[in-house]
Amino acid sequence: MDESSEDQRLPHQTNPPEHVSMEYLADLGVLYWNLNPKNFENDEELKKIRESRGYSYMDLLDLCPEKVENYEQKLKNFYTEHIHGDEEIRYCLEGSGYFDVRDKNDRWIRIWMKPGDLIVLPAGIYHRFTLDTSNYVKLMRLFVGEPVWTAYNRPQENHPARKEYLKNFTEKFGVPLEAH
């Protein structure tokens, strides 16, 4: 994505656009599924994902100015670059928004989430979130056990989750991920 400081809710594609493959995202530890959001309560594939990955807790989050107190501040917090000590799992049921993740060269990759998209961000990856210009998204949040959502703003090079993420990348590819 481009590094423009324009409205964060815009697509921010480079010119010409640079698309990345699902394999590239997987190499960064980002997992993706496309499911049927109209039937999420009875979706067998979602059930299998939850069981195989141990996602026992689920809640729903409606993000829009009318439903969220201190909406602008919350959006600003979500858009501040951070990591988590655990995976971040989000399933888009309605609306849309962007997850931005850092690649191995510390460049942003923008992932546009639309209904049916489920992504898993690995613990320790730098990322941020914003709505797009629709100003609405309904997300399912999944957690292993009780929900823990603690954001550690960058820099966090000494955080155990970040160290583990960098170590896994080095082991997988034989080269260290740049620590910035």
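Predicted model: local features only at pLDDT ≥ 70, side-chain atom pairs only at ≥ 80, totals over all residues.
The largest nonpolar core has 24 residues. Val101 and Phe129 touch the most other members of this core. Several elements supply at least two core residues each: helices H3 (71-78) and H4 (160-173), and strands E5 (97-102), E6 (108-113), E7 (117-121), E8 (127-131) and E9 (137-143). Another core, of 12 residues, lies apart from the largest one. Its members include Leu35, Leu46, Tyr91 and Leu93.

Phe129 is buried. Residues up to four places away in sequence aside, Phe129 touches Leu63, Leu75, Phe78, Tyr79, Gly97, Tyr98, Phe99, Val137 and Leu139.

The structure holds 5 aromatic pairs. One of them joins Phe78 and Phe129 in an edge-to-face arrangement. The ring centres are 6.4 Å apart, and the planes make an angle of 70 degrees. Phe78 belongs to helix H3 and Phe129 to strand E8, so the pair ties together parts 51 residues apart in sequence. Phe78 is also buried.

Asp43 lies in the loop between strand E1 (31-34) and helix H2 (44-53). Asp43 is buried but has no salt bridge. The nearest side chain of opposite charge is that of Lys48, 8.2 Å away. A salt bridge requires a separation within 4 Å. The Asp43 side chain instead reaches the backbone nitrogen of Leu46, at 2.9 Å. Beyond its neighbours within four places in sequence, Asp43 is in contact with Leu35 and Asn36. Leu35 and Leu46 are among the residues of the 12-residue core.

How values were computed
Residues numbered from 1 in each chain as written. Heavy atoms only, no water. Helix = DSSP H or I, 4+ residues; strand = E, 2+ residues; numbered from the N terminus. Buried < 20%, exposed > 50% of the residue type's maximum accessible area, 1.4 Å probe, protein only. Lys, Arg positive; Asp, Glu negative; His and termini not counted. Polar contact = N/O pair within 3.5 Å; in protein donor to acceptor, adjacent residues only side chain to side chain. Contact = heavy atoms within 4.5 Å. Core = buried A, V, L, I, M, F, W, Y, C linked by side-chain atoms within 4.5 Å. Phe/Tyr/Trp six-rings, centres within 6.5 Å; stacked < 30°, edge-to-face > 60°.
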